Amino acid sequence: MRKTILVATTVLLLSGIVSAQKGTIKGVVTDGETSEPLQFVNVLVEGTSTGTVTDANGAFQISLEPGTYNLILTLIDYETTPEKITIGPGETKEITKTMKEKPIELGIFVKSEGKYEKRFEDITVTMEVLKPNIVNNKNATNASQSLQQVPGVNIVDSEPQIRSGSGYSFGAGSRVMVLVDDVPLLTGDAGRPAWPFIPIENLEQIEVIKGASSVLYGSSALNGVINVRTAYPRDKPFTRITTFSGVSNLPDSLNWATDFPPFQTGISFLHSRKIKQNFDLVIGGNLFAEKGYIGPSKLDVPSADTVMNGENEYRGRINFQTRYRFRKKIGLSIGLNANFLYGVSSGSFLFNDPDKNVYRAYNNALTRTISTLFNIDPYLSYVGTLGSTFNLRTRFFYVNYDNDNGQGNGSNQFFGELQYQKRFLGPISSKKKFLKNFTITAGVMTTFTVGRAELFAGTPPNPPGVDSVKVDDIYTNNFNLAVYTQLENKFFDRLTVSVGARLEYFNIGKYDRYTTYNGGSESGYYDTSVVTTGLTPVFRGGLNFKAASYTFIRASAGQGYRFPSIAERFIRTTVGGVTIAPNPNLRPERSWSVELGVKQGFKIGKNFMGYADIAGFYQEYENFIEFNFTNIPGVGPGFISLNTGGARIAGIDFSIMGGGKFGKNWTLNVLAGYNWSLPQSTTPNYNYAIDTSGGFTLNYLNSSTDTTDHILKYRFQHTVKVDAEVTYKFISFGASIRYNSFMQNIDNAFITLHDLLNVVPDIEKFRQNHNMGDWVMDMRLAVQISKSSKLSFIVNNVANRLYSMRPGKVEAPRSFVVQYNYQF
């Protein structure tokens with residue numbers, strides 16, 4: 001026993017002596033130009049495995065044996081900085097180091113392609129970046145209005161289209177994944193973006209990936225990704241308040257608003273600050289009210305409820321973001337983000353007629369909706385030494401749309417993702433030279449959704465010996481579990497190579513609870529017969545070669561997939577007398593795609609920088625899902641989602657983006673692009689719906705209004721987008737131009753339903769009168785009154801163009817808006 005105590009005491013004493021002999025290096029790393037502290041700088045001790053990372057204050061601390069060492073400081077997009085230092089026994093040395101940014105070629109950094117920040121020119125896919133100045137200056141009241149200005153992107157009745165990859169699906173299912181800070185924000189049951197819910201008042205930038213992105217982002221990223229990145233606080237507190245009011249200018253011959261014109265008004269706010277340098281806080285929100293430009297139908301009796309007198313909307317939203325960085329555990333941070341929205345609105349599916357009542361709702365077709373949405377997002381992040389990062393992101397997303405016409409729906413969605421990333425930032429972090437600039441990203445992701453909806457209520461089965469059955473509750477669920485990885489390396493400082501893979505499991509089911517009545521007694525039972533499962537692997541690869549100082553050539557190939565949404569499988573409702581039916585046998589759709597592109601950076605003078613980008617793309621689909629009208633067995637005529645066989649989309653995408661100063665007082669910012677696509681059915685004779693009782697079959701040829709070149713339905717083959725703003729001293733002038741070619745092909749049912757059944761307006765007549773495509777221009781003028789305040793005047797749809805982006809619905813007429821912005 002005495003020997004044991006003696007040995008233990010000796011070990012402790014020796015440990016204390018060894019510890020006392022060590023020296024300590026404390027340091028702070030700052031930006032050489034701005035003097036702001038730099039976080040996540042890797043501080044490596046050359047020749048050893050010792051290292052650490054700087055915290056939010058740019059501080060670090062390392063304990064070392066006495067001696068002379070070379071410290072190597074590395075941070076993406078900064079020049080590697082060495083520091084030779086000698087430390088003695090028990091000595092504490094304090095140093096301050098500055099790091100210099102590498103020469104910027106295009107000056108844009110993005111995160112969505114590889115889930116870490118990288119230079120825009122190094123990516124292997126086609127991407128567009130929308131900066132917050134366009135969103136703020138155009139007075140966008142939700143994110144979709146801003147995205148209409150992105151080359152190659154259209155928002156058709158709230159449904160995102162990228163390169164004609166999607167048609168129209170009545171809001172059920174999306175081939176474009178919408179994210180906020182890398183976390184999905186598609187509603188759990190319908191797979192539909194909730195655009196007014198996105199906090200655009202606190203915008204860093206919007207990144208749009210064009211092309212299949214299923215490896216990193218899973219189902220729904222079949223045609224691309226829209227990632228809204230919000231901003232965290234800078235060193236100085238920031239507050240901004242924006243208020244606006246405006247009126248719509250309906251053409252005299254079409255004006256239904258004889259008392260007061262349609263109007264909109266609102267206010268938004270943002271406050272962002274750091275507290276004690278280790279706690280970040282962002283609070284924002286908005287209030288919005290609109291008397292819409294679509295008025296009541298000719299048959300609607302004026303209501304005391306102003307919401308139901310045409311299309312109207314009243315909503316409020318508030319959100320917050322927090323991040324706490326632990327002082328004693330450098331690199332560890334936790335946070336909680338949340339967003340809440342409540343709104344009351346009314347909307348219509350079709351216009352009244354194509355003539356004088358085109359700005360009126362179809363007869364008795366207005367729907368009142370009470371919207372309640374909120375999400376709560378706890379997260380954890382740890383940035384370790386030598387380029388290792390762990391991220392845990394979770395979300396609870398609640399959606400409830402309470403409609404007054406038996407079409408209410410809602411869902412509870414649980415999301416979780418655990419991601420590990422290792423970045424080898426230079427030869428000192430690995431003895432293998434080929435691991436220089438090598439990045440491994442791997443993760444596991446899961447989503448579980450419980451849906452509840454009148455939309456999914458069907459005719460309950462009647463068991464033998466039962467008089468009647470009543471539907472009590474309709475529940476649906478959707479479960480996804482996926483693992484993914486992506487490897488990326490940069491060879492010779494010129495060639496970037498990335499490869500990735502994903503394996504995803506899904507399970508979707510419908511659970512109905514009924515009450516049965518038999519001879520005065522009642523009992524309950526469940527029907528759980530509709531359950532579908534599947535397992536899908538996908539792969540991708542990409543290259544980016546720096547051919548010259550500002551020239552980058554890229555190529556990519558990949559697979560995509562999309563599991564049908566709950567709504568596509570189980571929706572059952574009626575809109576304006578038209579039935580929309582479920583299809584529980586709907587199969588997942590898959591695709592493969594290839595792309596070749598060139599990005600050319602340019603510089604004009606000393607301060608104007610930008611790029612021009614051109615890409616050719618080709619994508620093939622199988623089990624392509626389209627929204628069709630047919631004679632549905634057991635239901636009758638109606639719309640239904642169907643697997644329509646094969647499809648192909650090829651085309652060319654061109655864009656240009658630039659910004660900077662000319663001379664001393666002039667500033668110019670430009671975003672412009674052109675997209676041509678050829679979306680075609682590759683199986684036009686495939687019968688994807690067969691009614692054996694009536695001998696009726698449905699295929700592309702007999703369901704289309706125009707089969708020339710087998711163009712898919714609801715697509716724009718040519719689009720042009722231009723936004724430019726010039727500033728001289730304190731005055732800014734901007735203009736936006738959008739062009740969509742004529743939508744060649746739509747569902748033939750819109751003609752049939754009018755000509756034979758007269759249950760929809762004469763949509764074909766409107767199309768015949770507006771068959772040349774549409775040019776729409778917006779203009780804006782702003783005056784910087786002081787350093788803190790700005791007054792803007794905005795005119796949307798300057799020419800008051802009457803146009804439509806989907807059959808039966810017209811877009812907004814000319815409007816005049818005054819905006820006041822105050823920030824400090």
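**How the features get their names**

Analyst: Isoleucine 241 stands opposite tyrosine 822 in β46. Keep in mind that this is a predicted model, where local features need pLDDT of at least 70, side-chain atom pairs count only at pLDDT 80 or more, and totals for chains, interfaces and linings use all residues. Residues are numbered from 1 along each chain as its sequence is written, and side-chain values use heavy atoms, with hydrogens and water left out.

User: What makes β17 and β46 a pair of strands?

Analyst: Two strands pair if DSSP finds at least two bridges between them. Strand β17 (residues 238-249) and strand β46 (residues 814-823) have 10 bridges, in the antiparallel sense, so they pass the rule of at least two. The strands themselves are DSSP runs of E with at least two residues, while helices are runs of H or I with at least four, numbered from the N terminus.

User: Which strand is joined to β46 by eight bridges?

Analyst: That is β43 (residues 789-796), and the two run antiparallel. Here lysine 790 stands opposite asparagine 821 in β46.

User: Why is one side of β10 and of β14 left without a neighbour in the sheet?

Analyst: Five strands form an open sheet with mixed pairing, in the order β10-β15-β16-β13-β14. β10 (126-130) and β14 (183-184) stand at its edges with a single partner strand each, so one side of each has no neighbour in the sheet. For β14, two bridges join it to β13, and the two run antiparallel; valine 183 in β14 is the bridge partner of valine 180.

User: Why is the pair of tyrosine 168 and tyrosine 714 called edge-to-face?

Analyst: Rings of Phe, Tyr and Trp (its six-membered ring) pair if their centres lie within 6.5 Å; planes under 30 degrees apart count as stacked, over 60 as edge-to-face and the rest as tilted. The centres of these two rings are 6.2 Å apart and their planes are at 70°, so the pair is edge-to-face. Tyrosine 168 lies in the loop between β12 (159-162) and β13 (176-180), and tyrosine 714 in the loop between α6 (700-703) and β40 (718-728), so the pair ties together parts that are 546 residues apart in sequence. Both tyrosine 168 and tyrosine 714 are buried (under 20% relative accessible area; exposed is over 50%, partly exposed in between, with a 1.4 Å probe and protein chains only).

User: How do you know that tyrosine 324 is partly exposed?

Analyst: Its relative accessibility is 31%, so tyrosine 324 counts as partly exposed. Phenylalanine 326, at 29%, counts as partly exposed too. The rings of tyrosine 324 and phenylalanine 326 have centres 5.0 Å apart and planes at 85°, so this pair is edge-to-face.

User: What makes the charged end of arginine 323 sit over the ring of tyrosine 232?

Analyst: The rule asks for NZ of Lys or CZ of Arg within 6 Å of the ring centre and within 35 degrees of the ring normal. The charged end of arginine 323 is 4.2 Å from the centre of the tyrosine 232 ring and sits over it. Likewise, the charged end of lysine 599 sits over the ring of tyrosine 611, 4.4 Å from its centre.

User: How do you know that the buried residues of α7 line one face of the helix?

Analyst: In α7 (residues 749-757), Ala749, Phe750 and Leu753 are buried. Seen down the helix axis, the buried residues of α7 fall within an arc of 110°, so they line one face; the arc is that of the directions from the helix axis to the C-beta atoms. On the other side of α7, Asp755 and Leu756 are exposed.
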